[in-house]
Amino acid sequence: MSGNIELLSATLAKAKSEDRAALVAYLPAGFPTVDGGIEAVKAVIAGGADVVEVGLPHSDPVLDGAVIQTADDIALRGGVKIADVLRTVREAHAATGAPVLVMTYWNPIDRYGVERFATELAAAGGAGCILPDLPVQESALWREHADEHGLATVFVVAPSSKDERLATITAAGSGFVYAASLMGVTGTRESVGNEAQELVRRTRATTELPVCVGLGVSNAVQAKEVAGFADGVIVGSAFVKLLLDAPDLPSGLAAVKALAGELAEGVRRG
């Protein structure tokens with residue numbers, strides 16, 4: 001069975017045709033429970049997210065902040081397994097028709113089996129994987145199976161990436177490019193925003209792929225700012241924090257749906 005890379009590409013192209021950035025939401029599987037996590041993914045899509053990244057919880061998520069680390073810990077203590085991550089993808093995509101990717105560190109896929117994971121992710125209707133710690137030069141086996149199964153391979157670039165390195169990364173990737181930076185605290189936001197904009201400019205010089213920015217965006221004003229220079233705005237911690245702070249699951253679902261709606265307005269640039 002083929003995965004949904006074409007749906008992902010079509011969704012990002014549709015946003016561009018509407019003269020806006022796509023809203024990409026991140027939520028970890030198994031948080032606050034497996035069923036609750038599935039409902040949360042449905043809620044952000046109902047609120048206006050175009051694409052969802054489902055996080056595969058990891059015991060040492062070195063690239064994630066404290067909020068996502070806390071959620072991952074809750075999911076792992078709840079016993080979440082890769083089968084639950086795939087179920088989250090399957091049920092969320094089936095219920096919404098939206099493209100759903102898995103964001104994961106490499107080690108769990110390597111242990112599970114590269115071909116097995118790609119086959120099962122495609123069968124679940126997944127659109128691909130975001131692999132923040134998989135070096136491009138070590139990615140050939142994954143990319144072979146991803147291509148075979150119609151899955152995107154999304155690599156992460158950072159402001160520290162040299163131009164030659166950017167070209168190598170973007171040539172190997174598919175779906176979109178994840179441009180990682182930090183919005184920072186209010187006092188440093190302007191300079192960090194400029195750094196992100198420059199990273200997008202440099203990345204676009206190497207590829208026709210859409211460039212989506214993960215910046216610590218948490219509100220519509222910031223979303224609009226990033227949408228002014230990026231093809232997609234990635235929001236994760238803000239959604240996770242709402243679920244962490246909610247007194248119960250229904251309140252949390254209502255909150256993430258409302259935030260998705262505000263952000264969806266923000267990415268419309270006008």
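How far apart should the ends of helix H1 (residues 5-17) be, at 1.5 Å a residue? The 13 residues of H1 should span 18 Å, and the end C-alpha atoms are 18 Å apart, which agrees. The expected span is 1.5 Å times one less than the number of residues in the helix. The structure is a predicted model, in which local features need pLDDT of at least 70 and side-chain atom pairs count only at pLDDT 80 or more, while totals for chains, interfaces and linings use all residues. Residues are numbered from 1 along each chain as its sequence is written, and side-chain values use heavy atoms, with hydrogens and water left out.

The protein as a whole comes to 12 helices and 9 strands; helices (H or I, at least four residues) and strands (E, at least two) are DSSP runs, numbered from the N terminus. Its radius of gyration is 17 Å, close to the 18 Å that the globule rule gives for 270 residues, so the protein is as compact as a globular protein of that length. That radius is taken over C-alpha atoms, and the globule rule is 2.2 Å times the number of residues to the power 0.38. Of the 270 residues, 54% count as buried. Buried means under 20% relative accessible area, exposed over 50%, and partly exposed in between (1.4 Å probe, protein chains only).

We return to helix H1. Its buried residues are Leu8, Thr11, Leu12 and Ala15. Seen down the axis of H1, these residues fall within an arc of 90 degrees, so they line one face of the helix; the arc is that of the directions from the helix axis to the C-beta atoms. The face turned away from the buried side carries the exposed residues Glu6, Lys16 and Ser17. The buried residues of H1 pack against strands E1 (22-28), E2 (51-55), E3 (100-103), E5 (152-154) and E8 (211-214), where contact means heavy atoms within 4.5 Å. Just after H1, Asp19 takes a positive phi of about 55 degrees.

Leu253 lies in helix H12. At 18% relative accessibility, Leu253 counts as buried. Not counting residues up to four places away in sequence, Leu253 touches Gly36, Glu39, Ala40, Ala43 and Leu243.
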